[in-house]
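Hello,

Here is the complex I promised to pass on to you. Please have a look at it first, and then read on for what turned up when I went through it.

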Amino acid sequence: MANKVIVETTINGDPVELLCEPRQSLLEVLRDVLELTGSKEGCLTGDCGACTVVIDGRPVCSCLMLGVEAAGKNVSTIEGLATGAALHVLQRKFLEHASLQCGICTPGFLMSAKALLDRNPNPTEAEIRYALAGNLCRCTGYDKIVRAVTDAAATMAGRSSRTAHGGAVPAETASGMVSEMLAKGEDK
Amino acid sequence: MHAITYETPKSLDEAVKLMAAHGEKARALSGGTDLLIQLRAGTRRPEYVVNIKNIPELTRISFSLQHGLKLGAAVPCIEIHENGDMRKYYPGLTEAAHLIGSLQIQSRASVGGNLCNGSPAADATPALIALGAQARVVGPKGERMVPVESFCLAPGRTVLQPGELLVEFHIPAPERRASDAYLRFIPRNEMDIAVVGVGAALTLDMSDDRVVAARIALGAVGPTPILAAEAAKSLIGKPLDAAAIDNAARLAIAASSPIDDMRGTAEFRRHVVGVLTRRTLAKAAERARE
Amino acid sequence: MAASTTNGFKVIGTRPIRHDGVDKVTGRAKYGADYAFPGMLHGKVLRSPHAHANIKSIKIDKALALPGVKAIVTADDLPKLPDKMEAAGEQAINLNHLSMNILARGKALYDGHAIAAVAATSSHIADEALRLIEVEYEPLAPVMTVEDGMKPGATILLPTLRNKEDGPDKETNVAAHLQFKRGDVAEGFKQADYVVEREFKTAMVHQGYIEPHNAIGIYNADGHATIYCSTQGSFVVRSLSAAVLGISEGKIKVVPAEIGGGFGGKTTVYLEPLAVLLSQKTGHPVKMTMTRAEVLRATGPTSGSTIRCKMGATKDGKLVAAQCWLAYEAGGFPGSPVGAGAMTILAPYNIPNILVDAYDVVVNRPKTAAYRAPGASNAAMASETVLDELAEKCGIDPLDIRLINGSHEGTPQTVGPPFKRIGLIETIEAIKNGEHYKSRLTGPNRGRGVASGFWFNVGLQSSATINIHTDGTVSLVIGSVDIGGTRAAQAMIAAEVLGVDVNDVRPTIADTDSIGHTDVTGGSRTCFATGWAVYEAAQDCIRQLKERAAKLWEKKPDEVVFENGMLSPAQPGGDLKPMSIKQIAPRLARTGGPIVGRATINARAVGPAFATICVDVEVDPDTGKTQILRATIAQDVGKAIHPAYVEGQMQGGTAQGIGWALNEEYFYDDRGILRNTGLLDYRMPTCLDLPPIETLIVEVPTPGHPLGIRGVGEVSIVPPPAAVANAIYHAVGVRMTELPMSPSRLLKAILKKRAAGETQAAAAD
């Protein structure tokens, strides 16, 4: 039978000792061993971001990392985003802006957005879109997701958001954002 | 996935011994963003997976203006982008590393892994070749330096022998009025594999702005990344004007040998080699002049 | 415009937080793959590596011998079903084809076609077991395009397939030919001052839901089975699984998990019967999930197609005739949406003379399934770009030519009675009067395109029950799975009718044993039909509430009125105080027991949907890459219940349409093997590929619906490919007739035009 190993890690702030096979991905370990099924499997190739967790402050696709590699790391998952019964601002803003439809990509988006805002509390719309480019959403066209993250950043910084829910983005904002995106593409 | 044994050496010595002991049965695990996909698909079936991310030599960036750069093979791409020296002195390599997949991928994937995976479309490889990078390889028979342009042999195959490990890259210190650039073409704005990638490094004369040194490398347009030596040579001693750039672009196209696939046709790729060679040279020159 | 007769709502039209929201932002919501049961095994499917092959033998001994492997099944373990259309639950379907798609019988018809299924103690062991199954194939020539499938002497996929035209003796790959006619096209084209005719090709594309298919089958020794899965329709899963397994429908219970996207692709079964079969064989619960590669290779993308479209107009822009020819890839078994393509292609316009021919062609690709307004986007790509060309020839604004010819109440449909009140014209006007279309687009290689689209929408069956609790809150039970926020919309309808706070309504989606038959969440029907059932169930509650109030007040029920959430005596006066539901709820036990409001419906009076979109693009003429700068969509939704989720549907459909336009395609090699089996090379738009998508909600109430709802889920995907094509033309002067308009294709067209220009210039010298 397979050669299971003990892994000591930290998950959502708590020390965890777990037993897994070396071939199991971190995603499998989270979902099947620890029953933390909030991280989702969408592709197993790192292209959709549904399994995104934050490890030592960086977003990572948990499908592309072995569970044994989590030894000694600090792993944050969607299950640890809220504080007790209080939702994180990002979670609240996703709900207020109707940023999810089916919701399968939502945990991954929230973790990517969390990693972004922890490093860059005041991102531009282009920076938000760049940071979320590794997360695919097929339902929303991203607009309401970007609004929620923008609003969350503003709320966390004590500013009021420049876009309320719904309605159209002013034309100059839209084309300005696209030019910024194009400029960024050009930059690479 | 088949069952594997996982090893975590803490020193280069230990890693080399493990790799040597298991030979063909072992595969080094750097970021794992290619390897895990291959293990799942069954296209690689190593019995031993050796995590090399706990070895100091493989995970550090050391730079000085005197000695140049030593870039550990397992340094995650995001750390390259976050390093001020890298951004300042090797902007082309840095932007190549920053183009590999999403931020999630860059948090894990390394330039060394990108090279060892042996893909002709690896973004970092043309940038490394343009900079004249040498790969330090350590194995059971000792160590050797391999110019990066000679590292890949065929899609998925490299010069690494069973038991050998890529440790780091040695890259010369930048000269004055020198810089590099890397551009790739992808259909979307992120996440795709390069359909064409072009890396270029240029040194311009202090007084008359003529090209003193040049290297151009192409990705995704042949079975391995390509050093477009003729294209680069054509620039030497000339001012970098439109005619010189056009000529270099023509020679770069001649150096490419693309195929038709789901990412683009050969005809399209040849055309884009020209377009990107022009754009990359212009960008490297602009940076060199700064 | 935006005519609305349904004002005065308190809840409808507001934007409350969805009831399942907290579960979905905390990772607590359970999707199919999130369930686990004690003793559960893991199932995996072996798939054909050939596009077309006879299966000579399947040897399973070595795989069965692998420790941990519990069972292996092949088509021999499924009952053989009749090769003809039969009822499966509420729909007619060729059960033999359905069964053969779930496990290939004798022949593999596409790369990825399921051959065998394994159950083992872990998914890794199941995967390893697949490598040990030995299948002997006799490869056959693959038929990959409709042209290849239709040509005389083509390799035949299904030896028993016949069509009416060719008769009972002729083997064919053409499963059906449909024809729709009005007037006389030959005469019609004679009246035209301008005629444009072009041929289009569109690539096979996938719905691209982020959640792969999943199913858990639990077979009990008493012959009953339970299926947990992520599906758009639990009742469809029940009837199809029962049919494929040859067990009675009532012996299966389907528990719908949360669903991670479907877009039509989760309206049939793949894994569900296999999970039950493996559970039956092993006595354990069996969980099966697909990989992304399996999803792309072997579920139900939508058809690639070849379409010829010819339209004629008089100088003043009046359309006089149109002739269309459509051939759609059905996949390995018949059933492409070509009929819908044929009936939608000209639907937005009033054209006196039309002739439409449509062909359903089997090819060695996965059996297609529904995808958001199935068949209509392909068709609109053809008609809406040809119309753009005609507008240009006539010198008429492209929105004006649509206004001149646009369908409205009384316009004949391609099939069926004339349209009732519809909102196409209003969507065109919304775009025309909007800030986007009025703004100037400047800069080189930039262009603006518009297009309109039509989709039927459907009604079908729904059930709803409402329980009034003693504290005056209510629970709403429905059978429509929530794929995009419909729980909230249904709760809002109940709250509106009952006059209670929307947060006092708890919506639940029940399993197939706990609610009446409810058809799929699809066809834009959930708010329309299930919402109608909820409306009626709430009315049923009110009827009962009036009876109870009457009892308390010692009056007749018709002497009680219900208004603004309050029960009161019809005749004012006396000391009887009006009562809210909260006030009467604790007194129900004493007045006859609990109140359960119920309604079931087979909804007619379906309101067809129209949308018009405006797109700005910038093209890099050196690489052929298109950037979407701005997009605004106007859609007639009848009545927006929860406007934020209505906008979400409009944005999502637009985003999928843009993906279809620019980069998404199934890429098969010359052996018929799918090369892009992952989301790296099946290129759906990322966040950086789309601008903020602007929405203009148009509300033209559907006649006959109590709330005027039309349904919102689909039509937004119809116009984007054509609008992007039109925008590209106005940016760089090339008419694209192939989807996707990927950089390779667009660059080729640009270079060809440039070369032609140079030749012309040289000739002029």
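This is a predicted model: local features need pLDDT of at least 70, side-chain atom pairs count only at pLDDT 80 or more; totals for chains, interfaces and linings use all residues.

Strand β11(B) runs antiparallel to β12 (residues 196-204) of chain B, and 8 bridges join the two. If you want one position to look at there, Asp180(B) stands opposite Ala201(B) in β12(B).

For the complex, the predictor gives an ipTM of 0.96 and a pTM of 0.96. Chain C has a mean pLDDT of 96, with 99% of its residues at 70 or more.

In chain A the mean pLDDT is 89, and 84% of the residues reach 70 or more. Residues 163-178 of chain A have a pLDDT below 50, and this stretch has 32 contacts in the model beyond near neighbours in sequence. The pLDDT also stays under 50 over residues 181-188 of chain A, where the model has 22 contacts beyond four places in sequence.

**Chain A**

Chain A holds 6 helices and 5 strands. Read from the N terminus, they follow the order β-β-α-β-β-β-α-α-α-α-α. The chain has 188 residues, and 63% of them count as buried. Among its contacts with a separation of 6 or more, 54% are between residues 24 or more positions apart. Its accessible surface is about 6,400 Å², and carbon and sulfur atoms make up 50% of that.

The helix I would open is α1 (residues 26-33) of chain A, where 6 of the 8 residues are buried. Those buried in α1(A) are Leu26(A), Leu27(A), Glu28(A), Val29(A), Leu30(A) and Arg31(A). What lies over them? The cover for the buried residues of α1(A) includes β1 (5-11), β2 (14-20) and β3 (52-55) of chain A, together with α4 (123-132) of chain C. Just after α1(A), Glu35(A) has a positive phi of about 60 degrees.

In soluble globular proteins, nonpolar side chains tend to be buried together. Here the largest nonpolar core has 176 residues, and Leu326(C), Val724(C) and Ile728(C) touch the most other members. Helix α11 (residues 376-394) of chain C gives the most to this core, with 10 residues. The core also draws at least three residues from each of domain 1 (5-80) and domain 2 (89-184) of chain A. Another core lies apart from it, with 75 residues, among them Val68(A), Met19(B), Tyr90(B) and Val148(B).

Leaving out residues up to four places away in sequence, Val724(C) touches Val615(C), Val617(C), Ile628(C), Ile658(C), Ala661(C), Leu662(C) and Met741(C).

**A covered strand in chain C**

In strand β7 (residues 114-120) of chain C, 7 of the 7 residues are buried. Strand β1 (residues 41-47) of chain C pairs with β7(C) in the antiparallel sense over 6 bridges, and Gly43(C) has Ala119(C) as its bridge partner in β7(C). Strand β3 (residues 69-74) of chain C also pairs antiparallel with β7(C), over 5 bridges. There, Ile72(C) stands opposite Val118(C) in β7(C).

**A cysteine to look at**

Finally, find Cys687(C) in the loop between α18 (643-662) and β28 (693-698) of chain C. Is Cys687(C) buried or exposed? Cys687(C) counts as buried because its relative accessibility is 0%, against a cut-off of under 20%. Beyond residues up to four places away in sequence, Cys687(C) touches Arg129(A), Leu132(A), Ala133(A), Tyr142(A) and Val146(A). Its C-alpha atom is separated by 22 Å from that of Tyr666(C), which is 21 residues away along the chain.

Note on methods. Residues are numbered from 1 along each chain as its sequence is written. Chains are lettered from A and ligands numbered from 1 in the order in which they are written. Side-chain values use heavy atoms; hydrogens and water are left out. Helices (H or I, at least four residues) and strands (E, at least two) are DSSP runs, numbered from the N terminus. Buried means under 20% relative accessible area, exposed over 50%, partly exposed in between (1.4 Å probe, protein chains only). Contact means heavy atoms within 4.5 Å. Accessible areas come from the Shrake-Rupley method with a 1.4 Å probe; for residues, only the protein chains shown count as cover. Two strands pair if DSSP finds at least two bridges between them. pLDDT is the predictor's confidence in each residue, from 0 to 100. A nonpolar core is a set of buried Ala, Val, Leu, Ile, Met, Phe, Trp, Tyr and Cys residues joined through side-chain atoms within 4.5 Å. Domain bounds come from an automatic or database domain assignment.
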